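User: I would like to learn how to read a few features of a fold. Could you take me through them one at a time?

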Amino acid sequence: MHFETKAVHAGGELDEKTGAVSPPIYLSTTFERNKSDGQPSHGYSYIRDHNPTQTRLESALAEIDAGEAALVFASGMAAASALFQTLPSGSHVLIPDDGYYAVRTLGADFFPRWGLTHDLIEMTDAGRVRKAMRPNTRAIWCETPSNPLLKVIDIAAMASIAREAKALLIVDGTFATPALQRPIELGADIVMHSTTKYLGGHSDVQGGSLAFRRRDALFDQVLEVRTIVGGVASPFNSWLILRGIRSLGARMRVHCENGRAVAEFLSKHRGIEKVNYPGLPSHPAHAIAKRQMSDFGGMMSVHVKGGREGALAVAAKTKIFTRATSLGGVESLIEHRASSEGPGSRTAPDLLRLSIGLEHPQDLIEDLAQALE
Ligand SMILES: Cc1ncc(COP(=O)(O)O)c(C=O)c1O
């Protein structure tokens, strides 16, 4: 079955009682237990453990991410944190040098409290990753394409390094979504998404997910962390994300088309120093992106001539692009990334990150052209 068909139907069984086509939202925090042995009558007990709306979303995510099972969280960071909290104290983790800044903050500020160590590695060079592995390396966390430089990491190469070392390969696939890239099919053990982004798709819901190659002991441990620590997705947010998944295939097609048109325009503009977009043949890992992604997505970043002031001036002049952080919604956003990341940001001051939405590409190009004048 093709991705689009799976995405429209996964977790979408008709409601048995009413025949409703759109799934019901169960808001109940608690569920009846039976009279004989006090066990849950229908498999559900309390909202922090499980909820029927959340279960539908989890079965949809497992299906579209090609995993055996999935878990959903209140945010992408709640998902990442729950996973790291299952690692035994003393574990070492590799994290990419370019990636979502809050994951690096987890490494710097929280890992020491949890008894974990980490190294930030340039993961586009598999040799460096191999060299950085230590006897206690339990996980390689990679993010591809990366935020904000759109670096592309070879997932199959990382999977083979992880496998040899009996470490986990975890891939943050937020920018690509399962519509364009399915890391589990390329050898990853776990794929993580900030479902706040393309899966929700409308900038109106926060969430995170983990899909697991196997429903094994690690899955049970992460579920235990979620249940006890409590970073679980709410029923309403689960419902919104499930609704977003229905149109993910179609939306991603337009995000990619628009992304390509805008990247080509910007790559020829004299006001732009450099465009980071994996779909451009000039991207250093274009060939890898072509192999492991079915298309290149709607995210890009640009280095603007004129440094920090030049970049801020362009972002201030756009009319269709809104100056805001986040990504993956129907509307186009432009962001001076270093300002959003705040003190300690590693992002170059001349960099703008663009989330290309579903507007007409010509309008987006004209908006950028006037802002760059
Ligand atoms: C690539 C990536 N991973 C993880 C996250 C964190 O997700 P959330 O904001 O849902 O916690 C983000 C958020 O921007 C992201 O861009």
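Analyst: Phe236 sits in helix H9, residues 235-246. Helices (H or I, at least four residues) and strands (E, at least two) are DSSP runs, numbered from the N terminus. The model is predicted: local features need pLDDT of at least 70, side-chain atom pairs count only at pLDDT 80 or more, and totals for chains, interfaces and linings use all residues. Residues are numbered from 1 along each chain as its sequence is written, and side-chain values use heavy atoms, with hydrogens and water left out.

User: Is Phe236 buried, exposed or partly exposed, and why?

Analyst: Buried means under 20% relative accessible area, exposed over 50%, partly exposed in between (1.4 Å probe, protein chains only). Phe236 counts as partly exposed because its relative accessibility is 42%.

User: Which residues form a nonpolar patch on the surface?

Analyst: Patches take residues with over 30% relative accessible area and no salt bridge; like charges are joined within 9 Å, nonpolar side chains (Val, Leu, Ile, Met, Phe, Trp, Tyr) within 5 Å. A salt bridge is a side-chain nitrogen of Lys or Arg within 4 Å of a carboxyl oxygen of Asp or Glu. Here the patch is Ile25, Leu27 and Phe236, with about 280 Å² of accessible area together. Areas come from the Shrake-Rupley method with a 1.4 Å probe; for residues, only the protein chains shown count as cover.

User: In what order do the strands form the sheet?

Analyst: Strands of a sheet pair through backbone hydrogen bonds, either parallel or antiparallel. Two strands pair if DSSP finds at least two bridges between them. Here seven strands form an open sheet, ordered E1-E7-E6-E5-E4-E2-E3, with mixed pairing. Strands E1 (69-73) and E3 (117-121) are at the edges with a single partner strand each, so one side of each has no neighbour in the sheet. The twist averages 20° from one strand to the next.

User: How many bridges join E2 to E3?

Analyst: Five bridges join E2 (residues 92-96) to E3, and the two run parallel. Ile95 has Leu120 in E3 as its bridge partner.

User: Which peptide bonds are cis?

Analyst: One joins Thr144 and Pro145, with omega about -10°. Another runs from Asn147 to Pro148, with omega near 15°. Pro145 is in the loop between strand E4 (137-143) and helix H6 (155-164). Pro148 lies in the loop between E4 and H6.

User: What is phi of Ala66?

Analyst: Phi of Ala66 is near 60°, positive in a residue other than glycine. Ala66 is in the loop between H2 and E1.

Notes: Axes are lines fitted to C-alpha atoms, for helices over the stretch in contact, and angles run from 0 to 180 degrees between N-to-C directions.
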